[in-house]
Amino acid sequence: TLARALQGLPVEAEIYCTDQSAPEPAGVDANTTIILSDSRSDPRRREAHGHCQAVEAYARCQVIAIPLHQTSRLAGLTSLLDAMAMGRAVIMTRNASLEIDVEREGFGITVEPSDVSGWRRAILTLLQDPERVVAMGRRARERAEDRYTMGRFTASLAAALKAAAGRAGQG
């Protein structure tokens, strides 16, 4: 879906995916590189080196796209939290499994699953408004610092464990 949406747009993109989720080479624009967990013979595809390589790519880009397949078990949470921590705007497939609403929070645009024209509109919207992209990135970083820190996570985990231990002690 994302590869088709990028066709003909004046943007350089890298799509990180598995061999099973990779688009067909014929459907990939010359400005788009497919990075797989294993390589194929297509010169626009190269071998990925894991999560660290993706995070390095995030540092080089302005917007992070998180396209999800409708039947995927993945929710995109790790990619979303990485994008927020790095202060990047996001375009993301709408996913009811996530509690973070990127549009309501002001740092992203959501697109319906398999909606090529929706992805294209979202990309063009951000291409035409670089100030908005910067503001969205700042907002993403603020949200990461406000709500998704290790301190908040450990406090929440500790409270849950205490509550579970209390219930176990009552039984």
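A nonpolar core is a set of buried Ala, Val, Leu, Ile, Met, Phe, Trp, Tyr and Cys residues joined through side-chain atoms within 4.5 Å. Buried means under 20% relative accessible area, exposed means over 50%, and partly exposed lies in between, with a 1.4 Å probe and protein chains only.

This is a predicted model, in which local features need pLDDT of at least 70 and side-chain atom pairs count only at pLDDT 80 or more, while totals for chains, interfaces and linings use all residues. Residues are numbered from 1 along each chain as its sequence is written, and side-chain values use heavy atoms, with hydrogens and water left out.

**Overall fold**

The chain has seven helices and six strands. Both are DSSP runs numbered from the N terminus: helices are H or I with at least four residues, strands are E with at least two. Along the sequence the order is α-β-β-β-α-β-α-β-α-β-α-α-α. The chain has 171 residues, and 35% of them count as buried. A contact means heavy atoms within 4.5 Å. Among contacts with a separation of 6 or more, 43% join residues 24 or more positions apart.

In soluble globular proteins, nonpolar side chains tend to be buried together. Here the largest nonpolar core has 38 residues, and Leu80, Val90 and Phe107 have the most contacts inside it. Helix H5 gives the most to this core, with five residues.

What does valine 90 touch, leaving out residues up to four places away in sequence? The list is Val63, Ile64, Ile66, Leu80, Ala83, Val102, Phe107, Gly108 and Ile109.

Isoleucine 100 sits in the loop between strand S5 (89–93) and helix H4 (102–105). Isoleucine 100 is buried, with a relative accessible area of 10%. Beyond residues up to four places away in sequence, isoleucine 100 touches Leu77, Leu80, Leu81, Met84, Phe107 and Tyr148. Take one of these, leucine 80: isoleucine 100 is 20 residues from leucine 80 in sequence, and their C-alpha atoms are 9.0 Å apart.

**The surface**

Accessible areas come from the Shrake-Rupley method with a 1.4 Å probe; for residues, only the protein chains shown count as cover. The chain's accessible surface is about 10,400 Å², and carbon and sulfur atoms hold 51% of that.

Met150, Phe153, Leu157 and Leu161 make a nonpolar surface patch of about 450 Å². Patches are made of residues with over 30% relative accessible area and no salt bridge; like charges are joined within 9 Å, and nonpolar side chains (Val, Leu, Ile, Met, Phe, Trp, Tyr) within 5 Å. Phenylalanine 153 belongs to helix H7 (residues 150–170).

**Salt bridges**

A salt bridge is a side-chain nitrogen of Lys or Arg within 4 Å of a carboxyl oxygen of Asp or Glu. The structure holds eight.

Arginine 104 is exposed, at 60% relative accessibility.

Glutamate 145 and arginine 141 both lie in helix H6 (residues 130–147), four residues apart, about one turn of the helix. Glutamate 145 is partly exposed at 46% relative accessibility. Arginine 141 is also partly exposed, at 38%.

Arginine 143 and aspartate 146 lie in helix H6 too, three residues apart, about one turn of the helix. Is arginine 143 buried or exposed? Arginine 143 is buried, with a relative accessible area of 10%, whereas aspartate 146 is partly exposed at 40%. Salt bridges link Glu105, Arg143, Asp146 and Arg147 in a network.

**Two loop residues**

Serine 114 lies in the loop between strand S6 (108–111) and helix H5 (116–127). The phi of serine 114 is near 65°, a positive value in a residue other than glycine. Serine 114 is partly exposed, with a relative accessible area of 48%.

Glutamate 12 lies in the loop between helix H1 (2–6) and strand S1 (13–17). Glutamate 12 is exposed, with a relative accessible area of 74%. Aspartate 29 is 17 residues from glutamate 12 in sequence, and their C-alpha atoms are 9.4 Å apart.
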